[in-house]
Amino acid sequence: MPDLPSAFLPLLLLSKLVAPVTFRHHRYDDLVRTLYKVHNQCPDITRLYNIGRSVKGRYLYVLEFSDHPGIHEALEPEVKYVGNMHGNEVLGRELLLQLSEFLCEEFRNRNQRILRLIQDTRIHILPSMNPDGYEVAAAQGPNTSGYLVGRNNANGVDLNRNFPDLNTYFYYNEKYGGPNHHLPLPDNWKSQVEPETRVVIQWIRSLNFVLSANLHGGAVVANYPYDKSLEHRFRSPHHRTSSSPTPDDQLFQTLAKVYSYAHGWMHQGWNCGDYFPDGITNGASWYSLSKGMQDFNYLHTNCFEITLELSCNKFPPQEELQREWLGNREALIQFLEQVHQGIKGMVLDENSNNLTGAVISVTGINHDVTSGEHGDYFRLLLPGTYTVTAKAPGYDPKTVIVTVGPAEPTLVNFQLSRSTSQVYPVPKAPGRGQGSRPKQPRTSRKKDLAGKRHRGPA
């Protein structure tokens with residue numbers, strides 16, 4: 001990851017504001033119109049799709065940015081932003097709409113940093129995971145004091161307490177032995193979750209996401225997993241639980257700091273009556289949260305997700321939106337760029353056929369990732385030297401020593417030979433059912449590019 005002081009250098013590339021933008025809150029119909037407007041302005045690099053419906057039947061729309069929308073290109077990572085999971089926490093929703101307009105406009109202006117980002121990354125933006133809750137919150141008006149009104153979905157369920165609880169299984173496996181990744185879901189999981197949660201789970205299982213952030217409000221801090229502590233307790237004003245680090249704790253801290261230090265004021269630590277050193281916190285050390293989305297991403301998929309708390313006021317006045325956008329713009333871009341870190345590569349058999357679901361292990365880090373449907377894998381790592389092993393059922397494992405630098409990811413391909421024994425069970429590969437095409441060299445593809453204190457916990 002880049003040194004934090006140097007993280008401010010890219011600001012020079014974003015110093016010119018795009019065409020005048022109206023900073024305002026968007027009700028559901030306005031949100032949909034805005035997404036279609038961006039797609040129509042940049043049809044060659046965007047795709048607008050929905051992943052399903054809310055309880056009230058509203059579509060959950062996703063806007064994709066890519067130089068080949070709708071196609072997974074081998075070795076090109078997938079990254080996502082999710083906003084408005086709590087309907088009354090609205091800043092993330094507005095920031096993601098602004099980000100969508102910004103990416104389109106800067107692409108049309110041939111901003112080289114944005115051109116490269118869209119060329120090398122497949123970005124998915126879900127502005128509102130809880131459109132029903134938002135409409136309830138927005139109907140209050142700006143002077144109403146109903147702090148939690150609209151937080152839950154239309155069935156009254158907190159969507160960030162609604163994902164299958166995989167932490168308990170992981171803590172057991174960590175102590176007694178068992179898988180450290182892609183933990184299986186209960187057979188009846190679909191009947192145990194809300195419609196919005198169900199479609200989001202199906203979405204993140206259908207694409208091999210590598211990096212993610214979900215955007216909340218009620219505090220100003222970058223929160224990283226685990227959210228659930230080993231000695232799980234509910235939030236108490238007089239008790240903070242102990243930290244519950246993942247095997248990738250240093251990486252998660254660095255990802256959180258990238259956002260915090262690129263943000264206008266998050267890194268200062270004192271915000272909303274709370275103090276968080278460097279503007280970051282382990283979720284469980286703040287308070288323990290069960291069945292949350294960021295832990296689910298890490299334990300069930302290849303995706304590393306953090307939670308961004310972005311405003312003291314959950315529903316900030318319209319006149320504050322421009323300041324908030326300027327405070328978050330660089331951080332939103334820098335976080336997307338962090339997906340290009342660590343190692344990536346193809347896992348092939350001796351005949352150069354892609355191997356799906358191969359397990360990639362890093363010695364000393366008790367969390368594995370797997371290759372996607374078309375054989376490519378991505379493993380976020382901090383700079384350093386690592387021992388990396390690839391294994392797949394029916395093949396002899398292969399181990400290499402890899403040095404990771406601070407800039408581009410290191411390309412590490414594996415070619416495995418068939419074995420007489422089958423000893424490595426692997427989970428179903430992520431991204432099944434998605435189209436794919438080989439990633440072309442950058443030089444040959446440029447021509448395709450056009451010219452809390454009162455927190456309302458996450």
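Tutor: Tyr 226 sits in the loop between β7 (219-224) and α8. Those labels come from DSSP runs, numbered from the N terminus: helices are H or I runs of at least four residues, and strands are E runs of at least two. Before we go on, this is a predicted model, in which local features need pLDDT of at least 70 and side-chain atom pairs count only at pLDDT 80 or more, while totals for chains, interfaces and linings use all residues. Residues are numbered from 1 along each chain as its sequence is written, and side-chain values use heavy atoms, with hydrogens and water left out.

Now to your position: the peptide bond from Pro 225 to Tyr 226 is cis, with omega near 5°. Most peptide bonds are trans, and most residues other than glycine have a negative phi. Positive phi values turn up here too. Arg 110, in the loop between α2 and α3, has a phi of about 60° although it is not a glycine. Lys 291, in the loop between α9 (283-286) and α10, has a positive phi near 65°. Arg 110 has a relative accessible area of 36%, so it is partly exposed, and Lys 291, at 39%, is partly exposed as well. Here, buried means under 20% relative accessible area, exposed means over 50%, and partly exposed is in between (1.4 Å probe, protein chains only).

Helix α8 (residues 249-262) packs against helix α11 (residues 321-337) at an angle of about 150°, with the axes 7 Å apart. The axes are lines fitted to C-alpha atoms, for helices over the stretch in contact, and the angles run from 0 to 180 degrees between N-to-C directions. Angles under 35 degrees count as roughly parallel, over 145 as roughly antiparallel, 65 to 115 as roughly perpendicular, and the rest as oblique. That is why α8 and α11 are called roughly antiparallel. Their crossing is right-handed. From α8, the contact takes in Leu 255, Val 258, Tyr 259 and Ala 262; from α11, Gly 327, Asn 328, Glu 330, Ala 331, Leu 332, Gln 334 and Phe 335. Contact here means heavy atoms within 4.5 Å. By class, these residues are seven nonpolar, three polar and one charged. Nonpolar covers Ala, Val, Leu, Ile, Met, Phe, Trp, Tyr, Cys and Pro; charged covers Asp, Glu, Lys and Arg; the others, Gly among them, are polar. For handedness, a crossing is left-handed if the near helix is turned anticlockwise from the far one by less than a right angle, and right-handed if clockwise.

The axes of α2 and helix α3 (residues 112-120) come within 8 Å and cross at roughly 110°. That makes α2 roughly perpendicular to α3. The crossing is left-handed. Phe 102, Leu 103, Glu 106 and Phe 107 of α2 meet Ile 114, Leu 115, Leu 117 and Ile 118 of α3. This contact of α2 with α3 has seven nonpolar, no polar and one charged residues.

α2 has a further partner. Helix α1 (residues 28-41) and helix α2 (residues 91-108) have axes that come within 10 Å and cross at roughly 15°. α1 is therefore roughly parallel to α2. This crossing is left-handed. Tyr 28, Leu 31, Thr 34, Leu 35, Lys 37, Val 38 and Gln 41 of α1 touch Arg 93, Leu 97, Ser 100, Glu 101, Cys 104 and Arg 108 of α2. The contact of α1 with α2 divides into six nonpolar, three polar and four charged residues. As background, an α-helix has 3.6 residues a turn, so residues three or four places apart point the same way.

Two other helices are mostly covered. In α7, nine of the 12 residues are buried, among them Trp 203 and Ile 204. Helix α7 (residues 195-206) should span 16 Å at 1.5 Å a residue, and its end C-alpha atoms are 17 Å apart, which agrees; the expected span is 1.5 Å times one less than the number of residues.
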